[in-house]
Amino acid sequence: PLRLTSRYMFGGTDALRFDEYANLDALCSLLVVQEQSFSLVLRFHPRESSSKYDALLSRYAQHLNIVKSQHVSIAYDFARSSFVVGMQSMALAVAYLCRRKAVGIFPWRSTTTQMPFPVPMVRRVSQITHYLYSYESR
């Protein structure tokens with residue numbers, strides 16, 4: 001069965017539920033209920049349409065300031081951001097080099113997985129709350 005394969009390959013079945021839409025929805029839900037207000041800057045992969053998440057984001061438009069990046073330089077987006085969340089993205093390395101707080105969502109990681117740069121990894125979006133308030137930008 002697929003769940004056994006996932007457990008063998010990834011150390012659990014969380015990878016079966018990995019879905020960027022579900023993670024973005026969970027992130028927006030998490031930001032809406034925080035005491036501090038947040039702006040969400042979305043940076044799309046060059047091959048993605050900027051309208052990719054429009055249906056999902058429309059549900060949060062009244063509660064979050066949502067900005068779709070139009071900038072060529074990722075450094076510009078990081079310069080105006082205080083916290084970076086990535087999913088399977090080398091942008092996390094760039095965020096680290098730009099001295100930004102960053103967390104990677106890696107639902108399939110095992111407890112022994114290591115990143116080549118010190119960015120915390122979480123399996124669930126709900127675990128990001130701890131990092132929003134717990135560590136300072138380097």
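Predicted model: local features only at pLDDT ≥ 70, side-chain atom pairs only at ≥ 80, totals over all residues.
Which residues of E4 lie on one side and which on the other, and are they buried or exposed?

1. Residues are numbered from 1 along each chain as its sequence is written, and side-chain values use heavy atoms, with hydrogens and water left out.

2. The chain has six helices and five strands, where helices (H or I, at least four residues) and strands (E, at least two) are DSSP runs numbered from the N terminus. Read from the N terminus, the order of the elements is α-α-β-α-β-α-β-α-β-β-α.

3. Of the 138 residues, 36% count as buried; buried means under 20% relative accessible area, exposed means over 50%, and partly exposed lies in between, with a 1.4 Å probe and protein chains only. The accessible surface of the chain comes to about 8700 Å², and carbon and sulfur atoms hold 53% of that surface; such areas come from the Shrake-Rupley method with a 1.4 Å probe, and for residues only the protein chains shown count as cover. Among contacts (heavy atoms within 4.5 Å) with a separation of 6 or more, 51% are made by residues 24 or more positions apart.

4. Three strands form an open sheet in the order E3-E4-E5, with parallel pairing; two strands pair if DSSP finds at least two bridges between them. Strand E3 (83-87) and strand E5 (121-122) are at the edges with a single partner strand each, so one side of each has no neighbour in the sheet.

5. E3 and E4 are joined by five bridges in the parallel sense, and Met87 stands opposite Ile105 in E4. Between E3 and E4 the chain passes through helix H5 (residues 91-97), in a β-α-β crossover that is right-handed, which is to say that, with the strands pointing away from the viewer, the path from the first strand over the helix to the second runs clockwise. On the other pairing, two bridges join E4 to E5, with Gly104 opposite Met121 and Ile105 opposite Val122.

6. To return to the opening question, Lys101, Val103 and Ile105 lie on one side of E4 and Ala102 and Gly104 on the other, and all are buried. Because five of the five residues of E4 are buried, this strand is largely enclosed by the rest of the structure.

7. The largest nonpolar core has 22 residues, and those that touch the most other members are Leu24, Cys28, Leu31, Leu40, Leu57, Ile128 and Leu132; a nonpolar core is a set of buried Ala, Val, Leu, Ile, Met, Phe, Trp, Tyr and Cys residues joined through side-chain atoms within 4.5 Å. H2 gives the most to this core, with five residues. Leaving aside neighbours within four places in sequence, Leu31 is in contact with Gln36, Phe38, Leu40, Leu64 and Leu132.

8. Gln34 lies in the loop between helix H2 (20-32) and strand E1 (39-42), and Gln34 is buried, with a relative accessible area of 17%. Beyond neighbours within four places in sequence, Gln34 is in contact with Thr129, Leu132 and Tyr133.
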